[in-house]
Structures are given as structure tokens and as C-alpha cells.
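Reader: I am new to this structure. How should I go about reading it?

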Amino acid sequence: MDAFIVITLIKAFVVFAVLMTTLAYLQWVERKVIAHIQVRPGPYRVGPHGLLQPLADVIKLITKEDLIPPYVNKPLYLAAPFLAITMALLSISVIPFGPVIEVFGYKTAMQLADLNIGVLFVLAASSMGVYGIALAGWSSNNKYSLIGGLRSSAQMISYELPMSLAIAAPLLISNTLSLHDLVMKQQGSILNWNILHGPFPQIVSFIIFIIAAFAETNRVPFDLPEAENELVAGFHTEYSSMKFASFFMAEYANMITVSSMATLLFLGGWVAPWPAAYGSSLVPALIFAAAGVVALYHGAHAARQRDTRTLPVFGIIFLGIAGIFLLPMVQAWLLPLFWFCAKTGFILFAFMWVRGTLPRFRYDQLMGFAWKFLFPVAMLNLLVTGFLVAWVS
Amino acid sequence: MPITPDVILFVVFALIAVASAINVVVQTHPISSALSLVGVMGSLAILYLLLGAEFIAAAQVIVYAGAVMVLFIFVIMLLNAGTESKKGRSFMVQLLGVPLLVALLGLVAFFVQRIYYDTPRETVHFGGFTGGSAQDIGHALFTTYLLPFEVTSVLILIAIIGAVVLARKEME
């Protein structure tokens, strides 16, 4: 019992620390990705390749003056960012990053809590997250904030429906609500993942889920709640310093949550695309080794003066990571973690890719799309899946 | 009754539920009242969870605290409803309010007392109920309670169609 409490506390601390670092660096990755899509270098001045930019941003946000306008509804104005970040971080507690592993003789899952209603828990936390944004918009007592808050709550209520229906279809196949069991049912190869799994491959559900996920997290092309050219900054116009940062972190934490959910529900979680017997355990080492060689090559033929010093260091780090992936004692937990992060990371990259590519929806198009197209398609998909599952079993 | 963590949690969240419920009535601003109602729904969900009904708890949060109350708050925000005045109460309310409240609380206390002493204590204890998983609820809904379930879904369908008809009449 005591060991359980100690291990859970350690896990909670590790997950929190890693998540916070990821949130900070995700923003650096996004700025870099969008910069390269738009053919410019992006953050480059603070540290090598702008790697210390997130640190500088954190210092800037903490030390900024915390303004509270006199006309706001103070209790709700203060509660809103707290609510948003709490609900965003809550869902991470049920996301499994890997299978049950053994650490110093104790068996423990790479997950904070394996609830048998894990999927519903994530849905509940995300539906409570609407309050943070709606209340922020209302309590600010500002027309731009109010319109942003209204838009976002209407959008999130509307897109929650197709999202839930899209989630329900793979659940029919897997027959469980626990996120851990959900992945265990998809083991084997890529053909057992829910996205390709018979009797009815869930590609349609996956696409609906991803579209709804973009809307739920208020991302481009569904970022009308904070459309800066018409609403200043939307619901967080009146927020500054760490309160603004809370909304920012909540948005990125929600992105991580929905990407992990897509990975767990459709892409087989931490399962490798093909069995280890056919060499899937060598893939991470090969990828990192290739990255290391490329970095070393570019370090030797550097285009910029600074790169002659930074790129070889990166190359050696990548080669070191490749070596770690070959150690047999860490492979049991490192390989599942790699596949989970790779799949989640790919979906996160898709978020940024779309942001760098697509323009914004018009508001009536956005609502019409959710109710007149996405909802019926999700309903039909659920119906067909249900019939096929009943027919097969 | 021994004081276990379950009992402490029950007392804490029962108190939060009652306090939020009183706050719904006391607050003059609609948004504050609606948020207090969210507090009631949330604490009820935790009470369900303590009793072992995890599916009901999740459904309570998703449907009531998540969907219904967000819609309430959305409408209040859309209409930009202001603070209500406390004046203009009828004479009956001022005269009979407090005695009726006392009478109601007395009745509730009386029945709680009776139920508590009439039933054996083993039936009500934390963790005693295990039929609250999604599988159990689904099984019960589609076997024992199939007719009520289907009748309810037809009722909801009628309500949806009615709402669409009314909204369309308004638009024309």
C-alpha cells in the first residue's frame, strides 16, 4: 500500500514535469514548423536554434505586470483561467503512455490512473473545460471577449456531439471504456489498429474525430473564438501575465490530450506498427542514428558560422539516444513510449501543419458544417459500425 | 458508524452540494446561480462515485454539468441578463416562507430517520454496490428496463421534433 502511494506520487510528479516542459517546447516547435512552412528561420536568437526561447517566454510571462481591469466581475475573472488549466491537465491523468512495466520489483502501469470509464472521464473533463473560456469571455465585461466566449462555447458544444459519436464507433469494436484495455485489444500489427481493424475500418471515425478535435481545441481553421483580425484576442483579451499563460497552456494541454486520445483510440497507442520479431524494435535507434548522421554532415558543411559548433553537438546527442534505444534493459518501457510519442507527435505536427496552410472558416459555415454534415456522417458511421459488429459477433 | 475516508468525503461533498443548492437561490445574478447549480451537479457526481456508480457519475458530469449547464450559461450570456432585484415579494412568501421551510425540513428528517432505522445497516455502506459499471447499466437498460428506455427515447424524439417545429414557426 505504501509502495503504491510512493510510486503514484513519483509518477504524478514525473508526468507533471514532463508535461509542463512539453507544453513550453511545443510552442517552440510550433513556431519553428510554421516558420519553415512560411520559408523563414523562426526563433533563432535565444540559445542555439532558439532552443532557450521557451525559457525566456516563461520568464517574460511571470515577470509581466498582472493587470486586473476595474470593470470585470472579479471572482469569475480570477476563477476562469484556473478552471481552464485545471480541466486541461486533469485529462492527462488517465492517458496511458505504455504497458504495465516492472520497476525495481514493483509492477506499475505507465499511467496515473487506469479507470474503467477512462474514455468518459476525458470527455467529462473536456466538457467542463468550456466553462473556463465561456466565463473568461463573460466576466471580462468587454464586447470582444463576450463574443469570443459565446462563439467558443457554441462551437465546443456543437463539435462535442460528432466527437463523441466518432469515439463511440471504435468502442463498439473494442468493447471497453478503459484506455489501457483499449490498446491491449489493438495489439499485434498495424492491421489490428482500430483505424484499419475489421469488420469495419474506422477511417471515417478517425477523420471525424480529428476535425472535431481541431474545433474542440479552438485551432485553425476553427479558431474563431480568438480571431485576432475581428476580435482583438477573443476571450482572453483582458488577461495578462500568468493568467494569459494559463489559457495558453490549457490550449496546448488540450491539444496533447486530443492527440493522445486519437492515438489510443485509432492508432493502437504504444503498439509498434509491426511485431518486434520483424525488427520494429530497431526502428527508433535507426531514426535517431540517421538524425545524428544528418546533423553531423550539416555540421561539417555548415551554412552558418554558429552551426559548426551547435550541429555536431546535436548529432552526438542523437547518436547517444540511438545507443540508449539498443540497450535491452530499457527497451521494455522505452520502445512503447517511443511509439506513443511518435504517433501523438505526428498528430500534433498535423495540427501545426494545418495552421500553416488553411484559412479560417466563416462562423455560419462552421456551425452549418458541424450540424448539417459532420453530425449526420458520424451518426451514419456509428450505425453502420453497430450493424457490422452485431452481424459479425 | 466508523469514520473512514469515504465517510469524510461523503460529508464534505454533501455539505458542498447543500451549500451550492442554497447559493442557487440566494444569489441574485443568474450566472452565479447557474454556476452554483454546476457545483450541485459536480458534488452529486462525486457522491455517485463514492457509492460505486462510476458510469452514472461520468454521465452526470457530461450531461448535466457539461452539456445542460453550459447551455444555460450560454443563454444567460447571450441575453446578457442582469442582476435580479430582491424586492417585490408577495405577502404570502414573507409570512409563510420560514414556517413552510421548517415544516419541509422536519418532514424530510422524519422520513430519513424512519428509513435509517427500518432497514438493516449493511445495505447502505460505501463500496457495497458494485453494479455501477457501464456494462451493468447497459445490460440492465436493454433487458430489465427495455420498455421504459425505448419509451423515453421516443419521448425525447418527440421533444426534438416539437422544438424544431416551434423554431421554424418563429422564423417564418
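Reader: How should I read pLDDT, and what is its mean in chain A?

Author: Where pLDDT is low, the predicted coordinates should not be read in detail. In chain A the mean pLDDT is 83, and 97% of the residues reach 70 or more. Helix H8 (residues 228-231) of chain A has the lowest confidence in that chain, with a mean of 68. The highest is found in H7(A), at 88.

Reader: And what are the values for chain B?

Author: Chain B has a mean pLDDT of 83, with 88% of its residues at 70 or more.

Reader: Which elements make up chain A, and what does its radius of gyration say?

Author: Chain A consists of 13 helices and two strands, among its elements. A compact globule of 393 residues would have a radius of gyration near 21 Å; chain A has 22 Å, so the value agrees. The C-alpha trace of chain A spans about 65 × 60 × 50 Å along its principal axes.

Reader: How do I read the packing of two helices? Start with H1(A) and H2(A): at what angle do they cross?

Author: Look at the angle and axis distance, then the handedness, then the residues that meet. The axes of helix H1 (residues 2-37) of chain A and helix H2 (residues 53-63) of chain A cross at roughly 115 degrees and come within 9 Å. The crossing is right-handed. H1(A) contributes A:Ala24, A:Tyr25, A:Gln27 and A:Trp28, and H2(A) contributes A:Gln53, A:Pro54 and A:Val58. By class, five of these residues are nonpolar, two are polar and none is charged.

Reader: Is the crossing of H7(A) and H13(A) left-handed or right-handed?

Author: H7(A) and H13(A) cross in a left-handed way. Helix H7 (residues 203-216) of chain A packs against helix H13 (residues 363-392) of chain A at an angle of about 145 degrees, and their axes are 10 Å apart. On the H7(A) side are A:Val204, A:Ser205, A:Ile208, A:Ile211 and A:Ala212; they meet A:Leu374, A:Val377, A:Ala378 and A:Asn381 in H13(A). This contact has seven nonpolar residues, two polar and no charged.

Reader: Why are H9(A) and H12(A) called oblique to each other?

Author: Helix H9 (residues 241-266) of chain A and helix H12 (residues 328-357) of chain A pack at about 125 degrees, with axes 9 Å apart. Angles of 65 to 115 degrees count as roughly perpendicular and those over 145 as roughly antiparallel, so H9(A) and H12(A) are oblique. Their crossing is right-handed. Residues of H9(A) in the contact include A:Met255 and A:Ser259, and those of H12(A) include A:Phe340 and A:Lys343. The contact divides into six nonpolar, four polar and one charged residues.

Reader: How many residues does each chain give to the contact between chains A and B?

Author: Chain A gives 18 residues and chain B gives 17. On the chain A side, helix H4 (118-139) and helix H5 (143-174) each supply at least two residues. H4(A) gives the most, with nine. By class, that side has 14 nonpolar residues, four polar and no charged.

Conventions
Residues numbered from 1 in each chain as written. Chains lettered and ligands numbered in written order. Predicted model: local features only at pLDDT ≥ 70, side-chain atom pairs only at ≥ 80, totals over all residues. Contact = placed C-beta atoms within 7 Å. Helix = DSSP H or I, 4+ residues; strand = E, 2+ residues; numbered from the N terminus. Nonpolar A, V, L, I, M, F, W, Y, C, P; charged D, E, K, R; others polar. pLDDT = per-residue confidence, 0-100. Axes fitted to C-alpha atoms, helices over the stretch in contact; angles between N-to-C directions. Left-handed = near helix turned anticlockwise from the far one by under 90°. Parallel < 35°, antiparallel > 145°, perpendicular 65-115°, else oblique. Rg over C-alpha atoms; globule rule 2.2 N^0.38 Å.
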